[in-house]
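Colleague: Before we talk about details, could you put the model on the screen and take me through how its features are to be read?

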Amino acid sequence: MTSPRDLLAPFDDDLVAEVSTEVGCTEADLRDGLREQQALARSLPGVDNLVYEWRRHFDPDPLVARRDDAYYLVVPTTVWSEFRPHLYGSAPVLDGVEEVHRRQLRRVLEREGGGGNAGRLDDGAAVVLTRK
């Protein structure tokens, strides 16, 4: 079973701290929001099945990177509209959760030479899903 800490494994601590300050929530609340979103994705058909379905239904293929610990996707912005009503937390926390996903995906792409895919964020939304 995945521990609460493992759900945050793909997210860099400095990004979470930075975003929490910018959106006006505590770092602890933002971490709770991130954990809750990851748990929600697991409670749906499961992370692997969710990614499979998104890849079948969205064009272009939303998967921009896959690592041992996470999937990195650029999906239609409506995906977050579907997640948000099922998450608890203030507007700043929910905004922060989305922003951490966006920045983490961008950082991974830039760090690993896939920065060309970062432009897809202009028309879509980032989702990072923990695999383990």
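Colleague: Let me begin with the strands: how many bridges join strand β2 to β3, and which way do the two run?

Modeller: Keep in mind throughout that this is a predicted model. As a general idea, the strands of a sheet pair through backbone hydrogen bonds, and the pairing may be parallel or antiparallel. Here strand β2, residues 70-75, is joined to β3 by 6 bridges, and the two run antiparallel. Within this pairing, Tyr72 stands opposite Val128 in β3.

Colleague: In what order do the strands of the sheet stand?

Modeller: The sheet is an open one made of 3 strands, in the order β1-β2-β3, with antiparallel pairing. Because β1 (63-66) and β3 (125-130) each have a single partner strand, they stand at the edges, and one side of each is left without a neighbour in the sheet. On average, neighbouring strands of this sheet are turned by 15 degrees against each other, direction ignored.

Colleague: Which helix lies across the strands, and at what angle to β3 does it run?

Modeller: That is helix α5, residues 91-111, which lies across β1, β2 and β3 and runs at about 80 degrees to β3.

Colleague: Turning to helix α1, which of its residues are buried, and how should I read their spacing?

Modeller: The general idea is that an α-helix has 3.6 residues a turn, so residues three or four places apart point the same way. In helix α1, which covers residues 13-23, the buried residues are Leu15, Val16, Val19 and Ser20. Seen down the axis of α1, these buried residues fall within an arc of 130 degrees, so they line one face of the helix. What they pack against is helix α2 (27-43) together with α5. Just after α1 comes Gly24, which takes a positive phi of about 85 degrees.

Colleague: How many salt bridges does the structure hold, and which residue pairs with Asp12?

Modeller: In general, side chains of opposite charge can pair when their charged atoms come close. The structure holds 14 salt bridges. One of them joins Asp12 to Arg111, with the closest N and O atoms 3.7 Å apart. Since Asp12 lies in the segment before α1 and Arg111 in helix α5, the pair ties together parts that are 99 residues apart in sequence. As to burial, Asp12 counts as buried at 19% relative accessibility, whereas Arg111, at 51% relative accessibility, counts as exposed.

Colleague: Both of those values call for the cut-offs; where do they lie?

Modeller: Buried means under 20% relative accessible area and exposed means over 50%, with partly exposed in between.

Colleague: Which residue forms a salt bridge with Asp14, and how far apart are the closest N and O atoms?

Modeller: The partner of Asp14 is Arg107, and the closest N and O atoms are 2.9 Å apart. Asp14 lies in helix α1 and Arg107 in helix α5, so this pair ties together parts that are 93 residues apart in sequence. Asp14 counts as partly exposed at 41% relative accessibility, and Arg107 is also partly exposed, with a relative accessible area of 25%.

Colleague: And what does Glu22 pair with?

Modeller: Glu22 forms a salt bridge with Arg103, the closest N and O atoms being 2.4 Å apart. This pair, with Glu22 in helix α1 and Arg103 in helix α5, ties together parts that are 81 residues apart in sequence. Arg103 is buried, with a relative accessible area of 18%. Salt bridges that share partners join Glu18, Glu22, Glu99, Arg102 and Arg103 into one network.

Colleague: Finally, how many aromatic pairs does a search of the whole structure find?

Modeller: A pair of aromatic rings is described by the distance of the centres and the angle of the planes. The search finds 3 aromatic pairs. Among them, Trp54 and Phe83 form an edge-to-face pair, 6.5 Å centre to centre and with 90 degrees between the planes. This pair links distant parts of the chain, with Trp54 in helix α3 (residues 47-57) and Phe83 in helix α4 (residues 78-83), 29 residues apart. Trp54 and Phe83 are both buried. The rings of Trp80 and Phe83 have centres 5.4 Å apart and planes at 45 degrees, so this pair is tilted. Trp80 and Phe83 both lie in helix α4, 3 residues apart, about one turn of the helix. Trp80 is buried, with a relative accessible area of 3%.

Colleague: Which residues do the ring pairs link into a cluster?

Modeller: The cluster consists of Trp54, Phe58, Trp80 and Phe83, linked by ring pairs.

Key: Residues are numbered from 1 along each chain as its sequence is written. This is a predicted model: local features need pLDDT of at least 70, side-chain atom pairs count only at pLDDT 80 or more; totals for chains, interfaces and linings use all residues. Side-chain values use heavy atoms; hydrogens and water are left out. Two strands pair if DSSP finds at least two bridges between them. Helices (H or I, at least four residues) and strands (E, at least two) are DSSP runs, numbered from the N terminus. Axes are lines fitted to C-alpha atoms, for helices over the stretch in contact, and angles run from 0 to 180 degrees between N-to-C directions. Contact means heavy atoms within 4.5 Å. Buried means under 20% relative accessible area, exposed over 50%, partly exposed in between (1.4 Å probe, protein chains only). The arc is that of the directions from the helix axis to the C-beta atoms. A salt bridge is a side-chain nitrogen of Lys or Arg within 4 Å of a carboxyl oxygen of Asp or Glu. Rings of Phe, Tyr and Trp (its six-membered ring) pair if their centres lie within 6.5 Å; planes under 30 degrees apart count as stacked, over 60 as edge-to-face and the rest as tilted.
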